[in-house]
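User: I am new to this structure. Please show me how to read the place where two chains meet.

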Number of protein chains: 2
Amino acid sequence: MSTRKTIAIDMDGVLANNMAHYLAYHFIETGISITEEEIQGKPEAECFEDPKAVYRYLEKPDFFRTLPLNSSAQDVVKRLNDNFNIYIVSAAMEFPWSLVEKFEWLKEYFPFITWQQVVFCGDKSIIKADYMIDDHIYNLRSFSGKGLLFNAYHNINELGFERMNDWKAVEKYFFGN
Amino acid sequence: MSTRKTIAIDMDGVLANNMAHYLAYHFIETGISITEEEIQGKPEAECFEDPKAVYRYLEKPDFFRTLPLNSSAQDVVKRLNDNFNIYIVSAAMEFPWSLVEKFEWLKEYFPFITWQQVVFCGDKSIIKADYMIDDHIYNLRSFSGKGLLFNAYHNINELGFERMNDWKAVEKYFFGN
């Protein structure tokens with residue numbers, strides 16, 4: 001058995017920049033431009049006047065397939081994958097139509113991640129790993145390993161977990177440089 | 001937090017009778033009838049003259065959507081679900097086209113299982129639970145809880161895990177009757 005440590009990495013908001021995607025869909029739909037600064041500290045449902053806007057965007061075909069990457073995610077996950085047991089763990093079951101899109105997205109941007117390393121679930125409390133990198137504190141709260149909170153507009157006021165401001169911070173955390 | 005024990009339940013070969021489905025597909029394809037008795041103790045790839053036959057059937061559209069149920073699976077999983085935290089955990093990532101079919105199949109036969117309780121993964125060593133019911137010993141070997149080997153033609157010679165001959169045996173194990 002491998003003695004490598006295991007890291008569970010979230011997709012939405014961590015590998016992918018969902019916020020930027022929401023703002024782009026909102027602009028296309030309404031013509032109203034909202035900046036990233038304006039939604040800092042707000043939960044998803046309060047980012048736009050219509051609280052159902054985000055769910056409407058999530059249901060559009062190709063939404064998950066066309067998500068933009070977070071900066072440095074590819075390089076740092078590659079380096080992590082060379083040194084740790086990496087699993088990509090996404091709470092995708094709420095949106096079953098997203099499963100294939102998410103799998104295709106991973107194949108495009110993270111071709112070194114094998115199908116053995118992908119987990120689609122509904123509730124992450126069933127995940128066993130040494131580290132979990134996630135932007136939602138409810139996923140980290142039920143986790144028995146070390147939880148690392150990936151910075152996102154909706155969690156900037158959360159305390160209690162070590163915060164990773166971006167993928168460069170994750171790299172520094174695990175490799176020191 | 002709930003104090004209920006958690007049970008991870010496999011799909012293929014445990015909830016579903018994959019063997020019967022393979023034999024039916026093989027008969028349709030070749031006209032050759034093979035009985036369940038003839039393949040006892042053989043690995044999947046050796047059940048038919050063509051070692052790739054099973055993989056060819058797995059790739060057919062609707063293969064996973066039309067899998068037959070194992071006897072008593074519905075009733076016993078319902079009873080387990082009323083008394084334990086149940087997760088349905090399927091190593092589905094090798095067959096990404098199966099993800100939506102498997103999800104639809106679960107909705108049809110196990111409507112009381114919510115999306116929060118479904119996990120599609122590639123490697124079950126990331127699963128944390130108190131019990132795992134699975135027909136593959138490689139899944140049970142990497143499991144840190146109590147592994148229960150669900151009887152299947154390919155595992156009849158395996159020792160080292162408590163064997164559940166069928167769903168009635170699972171019911172007896174957890175409820176005593």
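User: Which residue is the bridge partner of F120(A) in β3(B)?

Analyst: This is a predicted model. In it, F120(A) is bridged to F120(B) of β3(B).

User: How many bridges join β3(A) to strand β3 of chain B, and do they run parallel or antiparallel?

Analyst: Three bridges link them, and the strands run antiparallel. The strand in chain B covers residues 118-121.

User: How is the size of an interface given?

Analyst: Often as the accessible area lost when the parts come together. Here, about 2300 Å² is buried between chain A and chain B. Carbon and sulfur atoms give 68% of that area. On the side of chain A, W115(A), I126(A) and K128(A) lose the most area to chain B. Together they make up 32% of what that side buries.

User: How many residues does each chain bring to the contact?

Analyst: Chain A brings 22 residues, and chain B brings 22 residues.

User: What about salt bridges and polar contacts?

Analyst: Between chain A and chain B the count of salt bridges is zero. Polar contact is found for 15 residue pairs across the interface, both residues at pLDDT 80 or more.

User: Which elements of chain A supply at least two residues each to the side that touches chain B?

Analyst: They are β2 (85-90), α4 (98-109) and β3 (118-121). β3(A) gives the most, with four residues.

User: Which classes of residue make up that side of chain A?

Analyst: The side of chain A that touches chain B has 14 nonpolar residues, five polar and three charged.

Note on methods
Residues numbered from 1 in each chain as written. Chains lettered and ligands numbered in written order. Predicted model: local features only at pLDDT ≥ 70, side-chain atom pairs only at ≥ 80, totals over all residues. Heavy atoms only, no water. Contact = heavy atoms within 4.5 Å. Buried area = accessible area lost by both parts, 1.4 Å probe. Salt bridge = Lys/Arg side-chain N within 4 Å of Asp/Glu carboxyl O. Polar contact = N/O pair within 3.5 Å; in protein donor to acceptor, adjacent residues only side chain to side chain. Nonpolar A, V, L, I, M, F, W, Y, C, P; charged D, E, K, R; others polar. Pairing = 2+ DSSP bridges.
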